[in-house]
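Reader: I'd like to talk through the salt bridges and one of the helices here. Can you put the model up for us?

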Amino acid sequence: MKALLFSSHPKPPSPASPASPRTTTTTTKHPSKSYTAEQSPPPRRHHLLRPATLLRRGANRNTPRATPSGVLPLRPAQPRRDEGRPRRHPRPGVRLPPLPRRRPRRARRPRAPRHRRRHARARRLPPLPRPLRRRHQRLPLVLGCSVKKNMVPVLDYLGKIGVRRSALTDFLRRYPQVLHASVVVDLAPVVKYLQGMDIKPAHVPRVLERYPELLGFKLEGTMSTSVAYLIGIGVARRELGGVLTRYPEVLGMRVGRVIKPFVEHLEGIGLPTLAVARLIEKRPHILGFSLEDQVKPNVGALVEFGIKEESLASVVAQYPDILGMELRAKLAAQQSLFESSVLVDRDEFGRVIEKMPQAVSLSRSAILKHVEFLKSCGFLLKQVSKMVIGCPQLLALNLDIMKMSFEHFQSEMDRDLEELVDFPAFFTYGLESTIRPRNQMIVKKGLKCSLGWMLNCSDAKFEERMQYDSIGIEEVEAEPAFDMKTLLQLREEDESGSEYDEDADYEDSDDDSF
């Protein structure tokens, strides 16, 4: 039995000693072929594996290394480490589903600073009622005021000078810093200064309600410099109280940044300085128009729509509010309306705006009603167009007054409709004050004159004309137009030549207690 076993399994040859020169041939199994020890194994396909996979599998350890004898040591075959695992990089042309990825670990939230943790603990307190919470969010300075030292004295003083309780909420929302002010040091001097600017005591609380930020200005700062500049350009001192009452924001405007550039731009388009002062007296809110965003773009729009540059001053003097509206869109809409309903082209539309800039604010219905009325009176559309171009004020008159004037023209004045086409301003004169008495004097005198000769003059000039036996051509006056001289007329208080005395306005403020 032992002989059979040993005969079927011969003993392996003993390893050769280093001294023997013969070479031992060893057969190693390979997937493709067998090779001897003198031959190197075929290279593995490392280009199909990732670098991390190579390091994990020990690719560098499997590469053959030379020995001093030139013979590779025998090494038993080892199983591959990736056996039984899904191959991440299959052979070319084979695509396997990717391995499921691990869910990334959620980053740990950093710990809040100490002051934020303190605020977080404060937020854990019971919340305030919703109305009270909203008030504190809008008025955060209220939380830092003392009721006895700040709130009670200030609110009592505001109520004493006449600030309404209904307006007090909006007053504090716009200027909550007033609760930290001192009545004697901050509030009382400002109120006394406003009274010294000819603002009536009853109007002082209305001024403060409209512009509560006045209580934070210094008397010798912006307030005094803006007032001095307005008086320097020609604003009458007696009109200053009305200017500040209607638009108290003037006291908070910087002269070098707001008021002076605005006045200089109006002077650049042709308005005299004194005319600008008169416009500020009548409509002080024009100082609040933005020079770069409103005034300059609107002036450019007027030129684009056919208004001559030499007529810009007249347009602004007649309708100063045109500088602060969305003018370009309104001009485009009105131009299309006039072209479709009144047959007015681009150049004639510019003449209409020059004579009555308020036409840009007329509604479509008002224009169409006046056009239909003139058509019902017997005028053709071409004649209506001529009348509107000659006197655009027709589109803004009261229709009832126009009907009465036209009925008097038809019943008592033996004239042709063509005379109304030549002088459409007839509808702008009062029937009982001007038209009827002058027509009676003309009939009694037995004169034959045009409507313009009869109406387009003052009462004194008409009395002088009634002394004539005939009418001269030179007596006929042109159509009424805006005269810039009406803004340049000096008032009685300005004719005395009194200049601005800075100390005069502070005579009443010498007794102020600071």
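Author: Let's start with a pair in one helix: being four residues apart in helix 22 (residues 431-445), R436 and E432 are separated by about one helical turn. Helices here are DSSP runs of H or I, at least four residues long, numbered from the N terminus. This is a predicted model, where local features need pLDDT of at least 70 and side-chain atom pairs pLDDT 80 or more, while totals for chains, interfaces and linings use all residues. Residues count from 1 along each chain as its sequence is written, and side-chain values use heavy atoms, leaving out hydrogens and water.

Reader: What N to O distance do the side chains of R436 and E432 have in their salt bridge?

Author: A salt bridge is a side-chain nitrogen of Lys or Arg within 4 Å of a carboxyl oxygen of Asp or Glu. An α-helix has 3.6 residues a turn, so residues three or four places apart point the same way. The R436 and E432 side chains meet, N to O, at 3.2 Å.

Reader: Is E432 buried or exposed?

Author: Buried means under 20% relative accessible area, exposed over 50%, and partly exposed in between (1.4 Å probe, protein chains only). R436 has 22%, so R436 counts as partly exposed. E432 has 54%, so E432 is exposed.

Reader: Which parts does the pair of E213 and R174 tie together?

Author: E213 forms a salt bridge with R174, with the closest N and O atoms 3.7 Å apart. The two residues sit 39 residues apart in sequence, so the pair ties together helix 7 and the loop between helix 9 (204-210) and helix 10 (219-233).

Reader: Why do the buried residues of helix 18 line one face?

Author: In helix 18, the buried residues are I367, H370, V371, F373 and L374. Looking down the axis, and taking directions from the helix axis to the C-beta atoms, they line one face because they fall within an arc of 160°.

Reader: Which exposed residues does the face turned away from the buried side of helix 18 carry?

Author: The buried residues of helix 18 pack against helix 16 (327-341), helix 19 (381-390) and helix 20 (399-411), contact being heavy atoms within 4.5 Å. The face turned away from that buried side carries the exposed residues R364, K369 and S376.

Reader: Which residue with a positive phi follows helix 18?

Author: Helix 18 spans residues 364-376. With a phi near 110°, the residue that follows is G378.

Key:
The expected span of a helix is 1.5 Å times one less than its number of residues.
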